[in-house]
Amino acid sequence: MKAVLSMTLGVMTAIGGFVDIGNLVTSGITGARFGMTLTWAVVVGTLGMALFAEMAGRVTAVTRKPIFHVVRERLGVRVSLVNAAASTLLNLVTLAAEIGGVSLVLQMVTGISYLIWVPLAGLAAWLVIWRMPFQWMENVFGLLGLGMVVFVVALFRLPTDWHAMWHQVISPAVPAGQPAPTWWFYAVTLIGACIVPYQVIFFSSGGREEGWTSKSITEMRVNAFIGFPLGGLLSLAIMAAAVPVLQPRSIGVSHLGQVALPVAAALGKAGLVFVFVSFFAATFAAAAESALSSGYAVAQYMGWSWGKRHPPGAAARFHLVCLASVIAATAFILTTVDPVTVTIFAVVLGAAAVPLTYFPILIVANDARLMGKRVNRRWSNAVGTFFLLIMVVVSVVSVPLLIITKAGQ
Amino acid sequence: MTRWEEDEFTANDLLLDRELIDCNGMPAGRVDDLELSDPAPGEPPVLTALLCGSTAFGPRLGGRLGTWWQAIGRRLRPVTDSYPNRIDAGLIDHVDRLEITLLAAREHLDSYRFRQWTEEKIIGRIPGSTG
Amino acid sequence: MWRKVAFVAVLGSYLLLAACAAPVPDDGAYRHAALQTSMAMVSALASGQLAAQTGLRGNSFSPFTDGNVTDAENDAGSVNSTFSSRQPPDARSDALRQKMLQALSDGTSALTDLRVAVRMGDRTQVRKALAEVGKSLKTFDALQQELQ
Amino acid sequence: MRTSELIGCQVYDADGQDVGAVHDLHFRLRLRPDGDRVCQLDALECGGIGFGHRLGYGEHAMRGPWPFPQLFRYLARRSLIVPWSAVTSFDRPRIDISVPRDQLRAPRKAGT
C-alpha cells in the first residue's frame, strides 16, 4: 500500500514537474497560431524525454553516477568541458526564463510590474535550494503544478471542435497562410520545451540525492514512462485550449497572460486561481531545479561534493555555483529583456544541445560491464538510436531556423 | 595494500577522470592526472600518486585554455609551489569500474585553498549553512 | 587551418546578416510589411477585446484583465511606431501608408481608452471603448482583404 | 613524470616511420622483490581514434547501439600497442622506439 502511494506521488510530481515556462509559452503560441497541427512535435518531445530520462535514471541507479560523472569519465576532460560549459550556460538561460516566468505570474496576480518581483523570485528560489529538503521541494511544487488540469476542464466548457482538432492531430500540415519555416521552427521549440537538458540533469542527480539503487528502477520507470507522458498531455491541453478561443480571433500569443485567457473565458475566476497557482508552482520549481542543475553539472564535472543531501557547508563550492547562477540569471532578467523571448531562445538552444548529454548516456547504458543485466536491450537501443538521429537533425536545423524565421516572427 | 579490480587495465579505463571517495564515503575530487616515477633504463615507470586540482587539470586540457586554467589555479593555491595536490599511491584503498576509494579522510588530503575559502568566507557566513 | 575556417565562418555569417538586414525597398515588400502589421494589430486588438469582455462578465480578476489590456496596448504602440518609421518606396505606397497610419493610430488610441476604462473600473466606459476596438478590428479586416 | 606528458606524444619507429599519437596507457600490476605490489606502465596505445576508445569501444563489452561499435572499431583498426620496453627515447612531443612498425601488435579485440 505504501509502495503504491509513493509511486502515485512520484507520478503526480513527475506530471507537475514536466511542465515549465517553456511548455507554457510554446504550447500557447502554437495552439493560437497553428491549431493542433504541431501535436506530433509534443509527442516526439515527450517520448524522447521519457526515453532519455529512463536511460539516465537507470544508469544513475545502477552505477550511482549521475549524468555529468558519466560525461566526464566517458568523453575525457576536453570534450566534456564543452558539454559542461554548454549545459551550464543553457541552464542559466533557462533559469533566467523561469525566474521571468515566476515574476510574470506574480504580475498577473497582483498587477505589480514583474520587474519588482524578479529579485524576490530569485531570492525565494535560492532559499529553496539552500534550505528546503529535496523531497519537499519535489512533492509540494509537483503537486501544485497539477492544477494545470483546469486546461483540460476548460476544453469541455469551450466550443471545442473535437473533430477538426483530431483531424489536425492525425494529419499534420502547415496551415494555410502560415510560412513553412515558422511552422518547423515552432516544432523545434515544442520538442525543445519537452526535452530540457536541465530536467534530465535534475532527474538523474535527484535520483542520487534520493539514494536510488537497482531496486528503485521500477519506480523510476513508472515516473518516466507514465508521469512524463501525462505531463506532455497537460502541455497539449494548454495548446488545445488556445484553439477555440484565440485562433478564431487571430490572437497571436506573445505574453504569458494570453495563455491563461482561455481558462478565464471558460471557467471564470475559479479557473484562473488554479492557473495562477499551477503556473507559479511549475515555473518556481523549474527555477530552483535549473539553478540546482547548474550546480550539479559543474560540481560533478569537477569532482566536488554536491547535493542537497549534504549540509551546504559540506558542499560549499556546489552551493557557490548555485548561488552565482541565481544571481546571474536574476541580473539578466532585470535588464528588462522580454522573458517570453528568453524562453524561446532557451528552448531552441536546449533542443540544439540535447545530443551533448544524450549521446554519452546512450553509450554508457550499453556498457555491459558497468550496467550488468540492466544494460540496454535491443528494443531500447533501436528506439534510442532512432531518437538520437532525430535529435541530431533537430540540433542541426534549430539555429538556422532561429535565424531564418527571426525567432518565429 | 590497494585492491584492484583487474590486473591489467588502461589509464582511461580505471584511473583518469574517476571520482575519488574518501574513507568516510565523501567525494574527494577527481583524478585529474597520474604521477609516474621517472623512467630509468630497464626500470619501467610505476604509478606513484594520483594528482588533483587545477594545476593537474590545466595541462590535460592543453592549449591556451589549459594554460589559463593552470595560471588561475596557481594563484588560488596557498603555497607558491605549482605542483598539484598529490594523493600517494599508498593511500588508495580500492579501485573498481565505478570509483576509487581512499584510506584517508578528505580533510587530511592536500586540499585546495578554493574549497576552504568558499566554505569559510562565503558559504559558512550565510545563515543555515551547517545543517 | 583553424584560422581559415574561422575566417570563412565569420565572413559567411556577416554576409548572411547583411542579406537579412537590408531588404531592397519595393512596393511588394511594403505591402507585405503592411499586411504583417495589420495582422499584428488585429492580434493586439482582439487580445485586449477578449480580456476586457471576460472581465466585464466577471470572469476575471481586475489585475489580470488590466495586465492583458496593458500588454495589448503596448504591443499596438510598438507595431504602430515600427510601421510608421518605415520608408515607403514610391508614391503609390505613400497612399497606403497614410491609410495604415490612420488605422493604426485609431486602433492604438482605442486600446489606450480601453486600458484607462478598465483601470478605473468604469463599466460604461469599458463598453464604449470596446465598441471602438470592434470598429478598429473591422477596419483592419478590410485592410487585410485589400492587401492579400 | 605525468601521464599528460605522455598522452599526445607522437611515436616514431626504428625507421623514423610515424606510428601515431599516444592516446592511452596500459598498466599491469607487478609484485616487486620486496613484496610490494606496484602498478607498472606496461605499454602505450597509439594511433587510431582515441575518442572511440575513450567511449569504451576499444575493449569493453559494448552492446551497441548500432552502428557505433562497428564504426569505432573500424576507425580504431590502425591502433597499435607499443611496449614500454621498446621505447628508446622520450622527449615530449616525440617518442622513439626500437621496434619497426609492422612488428607491433593491435589492441585486444572487443569481447576477448
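The model is predicted, so local features need pLDDT of at least 70 and side-chain atom pairs count only at pLDDT 80 or more, while totals for chains, interfaces and linings use all residues. Residues are numbered from 1 along each chain as its sequence is written, and chains are lettered from A in the order in which they are written.

**Where chain A touches chain C**
- In chain A, 19 residues are in contact with 18 residues of chain C, contact meaning that the C-beta atoms, placed from the backbone, lie within 7 Å.
- Helix 4 (67–110) and helix 12 (256–302) of chain A each supply at least two residues of this side, and helix 12 of chain A gives the most, with eight residues; helices here are DSSP runs of H or I with at least four residues, and strands are runs of E with at least two, numbered from the N terminus.

**The sheet in chain B**
- Chain B holds an open sheet of five strands in the order 1-8-9-3-4, with mixed pairing, where two strands pair if DSSP finds at least two bridges between them.
- Strand 1 (3–4) and strand 4 (27–30) of chain B are the edge strands, each pairing on one side only.
- Strand 8 (residues 92–95) and strand 9 (residues 100–102) of chain B run antiparallel and are joined by three bridges, and Ile92(B) stands opposite Leu102(B) in strand 9 of chain B.

**Confidence in chain B**
- The mean pLDDT of chain B is 83, and 92% of its residues reach 70 or more, pLDDT being the predictor's confidence in each residue, from 0 to 100.
- Among the elements of chain B, strand 5 (residues 33–36) has the highest mean pLDDT (92), whereas helix 4 (residues 113–122) of chain B has the lowest (77).

Terms used. Contact = placed C-beta atoms within 7 Å.
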